[in-house]
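The exercises below concern one structure, and each is followed by a worked solution. Please look at the sequence and the model before starting.

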Amino acid sequence: MGTLTHNIQAIPLNHYILLCSIIFSIGVIGVLIRRNAIVIFMSVELMLNSVNLLLAAFSVYRGDATGQVFVFFIMALAAAEVAVGLAIIVMIYRNTNSIDINVLNRLKW
Amino acid sequence: MPQLFLRGKGILQISTMSTFYFIAFLSIFFSILVITAKNPVHSILYLILTFFTFTIHYILMNAQFLAIVNFIVYMGAILVLFLYTLMLINLNKDSEPRKSNLVKIAGFVGGGCFLITVVAALKAFGASPVVVLNNPNLGLVKNLGKILFNEYLLPFEVSSILLLSAMVGAVLLATKDKKLPDGNLNA
């Protein structure tokens, strides 16, 4: 166990930052190019998760477990956010019979 | 120190490093599939695979608590909730209308600008230090529980209130609006 965990970590910190920012920008692109509300929601989840991974990586890098506690809080927050967000999507679908976000442009003006 | 570390462990080092790069490739590949899949159900299935690769990343960092929580909460609860909502909403009648190409290009440029900024900032850093796990039981449940219940007890309790209010809000939003006798909507 000890030898395994000591062997595992030899990845430069830059590569973690690069991986997480690539996945974060994929999430941003997904929010911008899709019109299905559920897929947009899933892109937001992707962004949240990439930030979680980066927090955990920095926590291991600094040897400080506080980062992992924060990831735990973010996960609790994401669970609450998903519950409320999906309820809103269901309500929108019931009122407009569509989950295309372009029907929701009434708040634009 | 990192160079010594690298030289000391030979083949095992290389194999675990290539594991990281392989899993990182899979993460990026599946997350691209999430946003490009036409069918939302496929998109959710790819998202499950992406989160599974994230769980493997946590295991590689020996963050065992986070790996288990990611597995149970994200793959077990949140994505099942997504699938359930998608089944509830009948999407079979017509596929979503596509956005125009101009909007898509603008979206790619917007996301790419962020990525280019981060990559340029990383270039400015130069050579980066290596992520080394000095304390092997950093991410274990025992260690995290001690910190959570000693220093972060109040946020922990407040998050329970958050979950309760989210549950009440979700139930309130998702219930059907009842019509009052005078015709007004009872929200």
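A residue is buried if 20 or more other C-beta atoms lie within 10 Å of its own, exposed if 12 or fewer, and partly exposed in between, with C-beta atoms placed from the backbone. The model is predicted, so local features need pLDDT of at least 70 and side-chain atom pairs count only at pLDDT 80 or more, while totals for chains, interfaces and linings use all residues. Residues are numbered from 1 along each chain as its sequence is written, and chains are lettered from A and ligands numbered from 1 in the order in which they are written.

**Exercise 1.** Determine whether Asn102(A) is buried or exposed.

Solution. Asn102(A) is located in the segment after H4 of chain A. Within 10 Å there are 10 other C-beta atoms, so Asn102(A) is exposed.

**Exercise 2.** Which element gives the largest share of the side of chain B that touches chain A?

Solution. Two residues are in contact if their C-beta atoms, placed from the backbone, lie within 7 Å. By this rule 82 residues of chain B are in contact with 65 residues of chain A. H5(B) gives the largest share of the chain B side, 13 residues. For the composition, Ala, Val, Leu, Ile, Met, Phe, Trp, Tyr, Cys and Pro count as nonpolar, Asp, Glu, Lys and Arg as charged, and the others, Gly among them, as polar. The chain B side then splits into 58 nonpolar, 20 polar and 4 charged residues.

**Exercise 3.** Find how H3(A) is oriented relative to H3(B) and to H4(B).

Solution. Axes are lines fitted to C-alpha atoms, for helices over the stretch in contact, and angles run from 0 to 180 degrees between N-to-C directions. Angles under 35 degrees count as roughly parallel, over 145 as roughly antiparallel, 65 to 115 as roughly perpendicular and the rest as oblique.

- The axes of H3(A) and H3(B) come within 11 Å and cross at roughly 5°; the two helices are therefore roughly parallel.
- Residues meeting there include Leu46(A) and Leu53(A) from H3(A), and Phe51(B) and Phe54(B) from H3(B). This contact has 12 nonpolar residues, 4 polar and no charged.
- The axes of H3(A) and H4(B) come within 12 Å and cross at roughly 175°; these helices are therefore roughly antiparallel.
- Here Ile38(A), Met42(A) and Ala56(A) meet Leu66(B), Phe82(B), Thr85(B) and Leu86(B).

**Exercise 4.** Which residues have the most contacts inside the largest nonpolar core?

Solution. A nonpolar core is a set of buried Ala, Val, Leu, Ile, Met, Phe, Trp, Tyr and Cys residues joined through C-beta atoms within 7 Å. The largest one has 66 residues, and Ile38(A), Met42(A), Ala56(A), Ala57(A) and Val60(A) have the most contacts inside it. H3(A) gives the largest share of this core, 13 residues. Not counting residues up to four places away in sequence, Ala57(A) touches Tyr16(A), Met61(B) and Val131(B).

Key:
Helix = DSSP H or I, 4+ residues; strand = E, 2+ residues; numbered from the N terminus.
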